[in-house]
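I kept these notes while going through one structure. The entries are in the order in which I looked things up.

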Amino acid sequence: MIIDTHAHTVPGTMLDALKSEPRLFPSVRLHADGLLPRMEFAEGGIGRPIQPRLWDLAQRRDWLQKARVDGQLIGGWTDVYGYELPAEEGADWARFYNEHMQKDAAVLNSVFPLATVPLQEGKLAARVLEEALDAGFHGAMIATQPKGVGGNLDDPSLDPFWELASARQAAIFLHPHYICGDERLAGYDLVNAVGRLADSTIAVARLLFSGHLSRFPGVNLILSHGGGALPYALGRLKRNHAIHPDYADPAPGFRQLYFDTVLFEPRALRFLCDTVGADKIMLGSDYPFSIGDPEPCTIVDDTPLTAEERRAILGENAMRIFRIECGCAAASG
């Protein structure tokens, strides 16, 4: 079974519910008067257009067939996670989002939902994650900046979330935010080309040097975009620890990480395999975005891999970490 572990959705049923009852969330506003809907959270400004492929299940089904993908893990879209919301409202928003993600999964049974959690408040994030796992979610997708713009994943206030994720041995897919906080990224679409890689690299480096992954060893943390610069910079991270021995050793935490294949370059995938092992790598596409990989299996086809490595990357690792049973994605609804 071939499984894409990196994809996004904004469920159409959720947008319809917001249109019909705009007062469901006091700090959330749907702008649906233009060609494409946009959302605004806590007066933080109107967000980017929500493209149809985020909600159109027919287009997703067609793409899965063309891409030779049997099953797809679908997380939310980080633009609309609502981390800017007051904590209790953010928790309600996450539950609302998750409810509609499950509706998508009920219609298209080749997709497997990853929950959204209110990362702005650790105790609530833990509670919503536990509810989602109990409801059958295969893990969660979180973003790198728990305040929406800013904040750190190693903040002690988030320890309840990490504790619960570790206790449940949950799969947590980490995705960078769109806003990366560097004005130099304004041109050439650098926010997509390199900004997201830098965002993930910084967020995870903090987790490594804080010792979070050693403190919470049950967490299965999957990094998007091949882990950003982390695999290439591992030697530098180790050197930083050598000259600052009061920091946690990044090597043990790094060995716990998992990575997707959104790299576009077979030599990069081969390097990642040699660095972390094929048992730590999973297929990814970043569907439906243009910066993503429209043919995710091709990089696996074009990389010198053993048959065992190929099977692991294409699906076996994802089935194990996300607890997907063989055959359950064989047919689309």
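**Entry 1: ground rules.** I noted that this is a predicted model, in which local features need pLDDT of at least 70 and side-chain atom pairs count only at pLDDT 80 or more, while totals for chains, interfaces and linings use all residues. Residues are numbered from 1 along each chain as its sequence is written, and side-chain values use heavy atoms, with hydrogens and water left out.

Entry 2: I took helices (H or I, at least four residues) and strands (E, at least two) as DSSP runs, numbered from the N terminus. Two strands pair if DSSP finds at least two bridges between them. Strand E2 (residues 28-31) and strand E3 (residues 38-41) are antiparallel partners with four bridges. I looked up Leu-30 and found Met-39 as its bridge partner in E3. Six residues lie between E2 and E3 in this hairpin.

**Entry 3: helix H1.** Which residues of helix H1 are buried? I used the cut-offs under 20% relative accessible area for buried, over 50% for exposed, and partly exposed in between (1.4 Å probe, protein chains only). In H1 (residues 12-20), the buried residues are Gly-12, Met-14, Leu-15, Ala-17 and Leu-18. They pack against E2, E3 and helix H3 (87-107), where contact means heavy atoms within 4.5 Å. An α-helix has 3.6 residues a turn, so residues three or four places apart point the same way.

**Entry 4: the open sheet.** Three strands form an open sheet in the order E1-E4-E5, with parallel pairing. Strand E1 (3-4) and strand E5 (111-113) are the edge strands, each pairing on one side only. Two bridges join E1 to strand E4 (residues 71-74). Ile-3 stands opposite Gly-71 in E4.

**Entry 5: Leu-73.** I picked Leu-73, which lies in strand E4. Is Leu-73 buried or exposed? Leu-73 counts as buried because its relative accessibility is 0%. Leaving out residues up to four places away in sequence, I found that Leu-73 touches Ile-3, Asp-4, Thr-5, His-6, Ala-7, Phe-112, Leu-114, His-138, Phe-322 and Ile-324. I also looked up Ser-20, which is 53 residues from Leu-73 along the chain; their C-alpha atoms are separated by 28 Å.

**Entry 6: the core.** A nonpolar core is a set of buried Ala, Val, Leu, Ile, Met, Phe, Trp, Tyr and Cys residues joined through side-chain atoms within 4.5 Å. The largest one has 103 residues, and those with the most contacts inside it are Trp-93, Ile-142, Trp-162, Ile-172, Leu-221 and Phe-322. I followed up Ile-142: beyond four places in sequence, its contacts include Tyr-81, Val-117, Trp-162 and Ile-172. In soluble globular proteins, nonpolar side chains tend to be buried together.

**Entry 7: pockets.** On a 1 Å grid over the protein atoms alone, a cavity is a set of points where a 1.4 Å probe fits but cannot get out; a pocket is an open set with protein on both sides within 12 Å along at least five of seven lines; lining residues have an atom within 4 Å of a point. Grid points are joined across faces, edges and corners, and a volume is the space filled by probe spheres set on the points. The largest pocket holds about 380 Å³. It is lined by 22 residues, of which Gly-45, Gly-47, Asp-79, Glu-84 and Ile-179 are the closest to its centre.

The second largest pocket holds about 330 Å³. Among its 17 lining residues, Leu-197, His-225, Gly-228, Val-262 and Leu-263 are the closest to the centre. Helix H6 (190-210) and helix H10 (266-276) are the elements that give two or more residues to this lining. H6 gives the most, with four residues.

**Entry 8: a cavity.** I found one cavity of 30 Å³ or more. The largest cavity has a volume of about 50 Å³. Its lining includes Leu-119, Gln-120, Pro-146 and Asp-155.

**Entry 9: backbone angles.** Most residues other than glycine have a negative phi, and most peptide bonds are trans. The peptide bond from Tyr-287 to Pro-288 is cis, with omega near 10 degrees. Pro-288 sits in the loop between strand E10 (281-282) and helix H11 (296-302). His-225 has a positive phi, near 55 degrees. I placed His-225 in the loop between strand E8 (220-223) and helix H8 (234-243), and it is buried, at 9% relative accessible area. Arg-323 also has a positive phi, about 60 degrees, and lies in the segment after helix H12 (307-321).
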